[in-house]
Number of protein chains: 2
Amino acid sequence: MAHEDHKDIVAKIKATMPSADTLFDLADFFKVFGDSTRIRIMCALFEQELSVCCIADIVGMEQSTVSHQLRVLRQENLVKVRREGKQSYYSLEDEHIQKIFEMGLEHILE
Amino acid sequence: MAHEDHKDIVAKIKATMPSADTLFDLADFFKVFGDSTRIRIMCALFEQELSVCCIADIVGMEQSTVSHQLRVLRQENLVKVRREGKQSYYSLEDEHIQKIFEMGLEHILE
DNA sequence: ATAACATATGAATTATTGTTCATATGTTCA
DNA sequence: TGAACATATGAACAATAATTCATATGTTAT
């Protein structure tokens, strides 16, 4: 394709790409994985559902910090909450998360 | 496991988790996916290798911005460069990227 | 060597995001 | 109802990161 010019290539690629909106949402989704506190929270939840104070102890951060980050995770539908008495138990929303997580691990361990 | 106490749970979960260092690196890796400019650059590169100025046109940003972001992508081994004359051609480093991308898409399109 | 072009990079600016503190809300039990 | 505990949230601050401008570096052709 050596004779394709710049303009043709640009037009061709643009035509194949998802909409800017979709890609914006996708970036927002991955942004959630891009923080070590949130990654550690998700990782802890791979094992079992956990209360907020357990999570705070596991990741070694303030309860408030953890609550804020859990909200971020909730907003992207990555975790769900269940109230039981005074405690809120969080768990993972679906199994995409673990797969994405594992692929990331594969990449960095190469 | 209703009789497990807080301390036991915390200890148990901590034992199963990858090291904090690994999770930190993992967050750094996903951070790269968490920006819409970089996501769009990667998406464009799914089709074929592209020069910097093509990429800039495709994503509608300054050449300088694109160069900076390509450096970020290079640092995380997500793209590679090939010089040909005056131009630098970028392409994706491996196929994990597209899989991770697709899983993210699946999640947000649910 | 110089002009013209493509890319890379440093510095400054702006925008975004994470964390903490203080406090509000919600729940249980006496 | 009030005390004790768990969680959530608003505001302020600190830390990071994205973008741009200006310019340096690298490449080709005359």
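**Notes on the hairpin, the DNA surfaces and the cysteines**

1. Start with the hairpin in chain B: S2(B) and S3(B) form it with two residues between them, and Gly85(B) in the turn has a positive phi of about 65 degrees. Strand S2 covers residues 79–84 of chain B and runs antiparallel to S3(B), with six bridges joining the two. One of the bridge pairs is Lys80(B) with Ser91(B) in S3(B). On terms, helices (H or I, at least four residues) and strands (E, at least two) are DSSP runs, numbered from the N terminus, and two strands pair if DSSP finds at least two bridges between them.

2. Before going on, some ground rules. This is a predicted model, where local features need pLDDT of at least 70 and side-chain atom pairs count only at pLDDT 80 or more, while totals for chains, interfaces and linings use all residues. Residues are numbered from 1 along each chain as its sequence is written, chains are lettered from A and ligands numbered from 1 in the order in which they are written, and side-chain values use heavy atoms, with hydrogens and water left out.

3. Back to the sheet in chain B, which is open, has three strands in the order S1-S3-S2 and pairs antiparallel. S1 (50–51) and S2 of chain B are at the edges with a single partner strand each, so one side of each has no neighbour in the sheet. S1(B) meets S3(B) over two bridges, in the antiparallel sense, and Leu50(B) stands opposite Tyr90(B) in S3(B).

4. Now DNA strand C. It is surrounded by 26 residues, and the closest are Arg38(A), Ser64(A), Thr65(A), Gln63(B) and Tyr90(B); a residue is near a molecule or strand if one of its heavy atoms lies within 4 Å of it. Of the DNA strand C atoms within 4 Å of the protein, 65% belong to sugar or phosphate, and the rest to bases. By class, this surface has four nonpolar, 13 polar and nine charged residues. (Ala, Val, Leu, Ile, Met, Phe, Trp, Tyr, Cys and Pro count as nonpolar, Asp, Glu, Lys and Arg as charged, and the others, Gly among them, as polar.) H5(B) gives the largest share, five residues.

5. Some atom pairs on DNA strand C are worth a look. Ser64(B) has a side-chain N or O atom 2.8 Å from a base oxygen. Phosphate oxygens of DNA strand C lie 2.9 Å from a polar side-chain atom of Ser67(B) and 3.3 Å from one of Lys31(A). For reference, a polar contact is a pair of N or O atoms within 3.5 Å; within protein, one must be able to donate a hydrogen and the other to accept it, and residues adjacent in sequence count only if both atoms are side-chain atoms.

6. For DNA strand D, Gln63(A), Tyr90(A), Arg38(B), Ser64(B) and Thr65(B) come nearest among the 26 residues around it. Sugar and phosphate make up 66% of its atoms that come within 4 Å of the protein. Phosphate oxygens of DNA strand D lie 3.2 Å from a backbone N or O atom of Val52(A), 3.0 Å from a polar backbone atom of Cys53(A) and 2.7 Å from a polar side-chain atom of Thr65(B). Here H5(A) gives the largest share of the surface, five residues.
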